[in-house]
Amino acid sequence: MNLNTTYAISMGERSRGKTYSALCYGIKMVVESNYKKQFAYLRRFKEDIIVPNCKTLFSSLEANGEIAKLTKGEWNTVEYRAGCWYFAKEGSNGKLIKSKKAFAYAFALRNFEHWKGLSFPNISFVCFDEFI
């Protein structure tokens, strides 16, 4: 995904890699900014960003080794907690080591009134998934 525009819309049949590509783009942007930038994953309804869905959002990227590849081996998985995704990897003791700072946030468009007045200055990319 090469974006040099304010808005980019990716439309097509189901299971063609639209979300996968957008998530890869977001991770790449975060890593290239030396982990200073973040991105938002936006869905229309609160029910779309429930914990089970968000915990598995990056599963395909993990299974294909994309997270390790995009982070140059620094991380190989993600952990979802309290509306945020963190990079993670398994430590030598078998416990999960998690990044200190979230790299992405989950939002529901329907609930944006709850976020009014809060600032997310490091969000540089928004993936509005399933917007139709």
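Is glutamate 90 buried or exposed? In this predicted model, glutamate 90 is exposed, with a relative accessible area of 58% (buried means under 20%, exposed over 50% and partly exposed in between, with a 1.4 Å probe and protein chains only). Residues are numbered from 1 along each chain as its sequence is written, and side-chain values use heavy atoms, without hydrogens and water. Because the model is predicted, local features need pLDDT of at least 70 and side-chain atom pairs count only at pLDDT 80 or more, while totals for chains, interfaces and linings use all residues.

Glutamate 90 belongs to strand 3, residues 84-90 (strands are DSSP runs of E with at least two residues, helices are runs of H or I with at least four, and both are numbered from the N terminus). Leaving aside residues up to four places away in sequence, glutamate 90 is in contact with Asn76, Lys95 and Leu96 (contact means heavy atoms within 4.5 Å). Tryptophan 75 is 15 residues from glutamate 90 along the chain, and their C-alpha atoms are 8.7 Å apart.

Side chains of opposite charge can pair when their charged atoms come close. One salt bridge is counted (a side-chain nitrogen of Lys or Arg within 4 Å of a carboxyl oxygen of Asp or Glu). It joins glutamate 32 and lysine 28, with an N to O distance of 3.9 Å. The two residues are four apart in helix 1 (residues 18-32), and so are separated by about one helical turn. Glutamate 32 is exposed at 58% relative accessibility, whereas lysine 28 is partly exposed at 42%.

The count of aromatic pairs is 13 (rings of Phe, Tyr and Trp, the last by its six-membered ring, with centres within 6.5 Å; planes under 30 degrees apart are stacked, over 60 edge-to-face and the rest tilted). Among them, tyrosine 25 and phenylalanine 125 are edge-to-face, at 4.8 Å centre to centre and 65° between the planes. This pair links distant parts of the chain, as tyrosine 25 lies in helix 1 and phenylalanine 125 in strand 6 (residues 123-128), 100 residues apart. Phenylalanine 125 is buried, at 10% relative accessible area. Tyrosine 80 and tryptophan 85 form a tilted pair, with 4.9 Å between centres and 50° between planes. Tyrosine 80 is buried at 10%, and tryptophan 85 is buried at 1%. One aromatic cluster includes Tyr25, Tyr80, Trp85 and Phe125.
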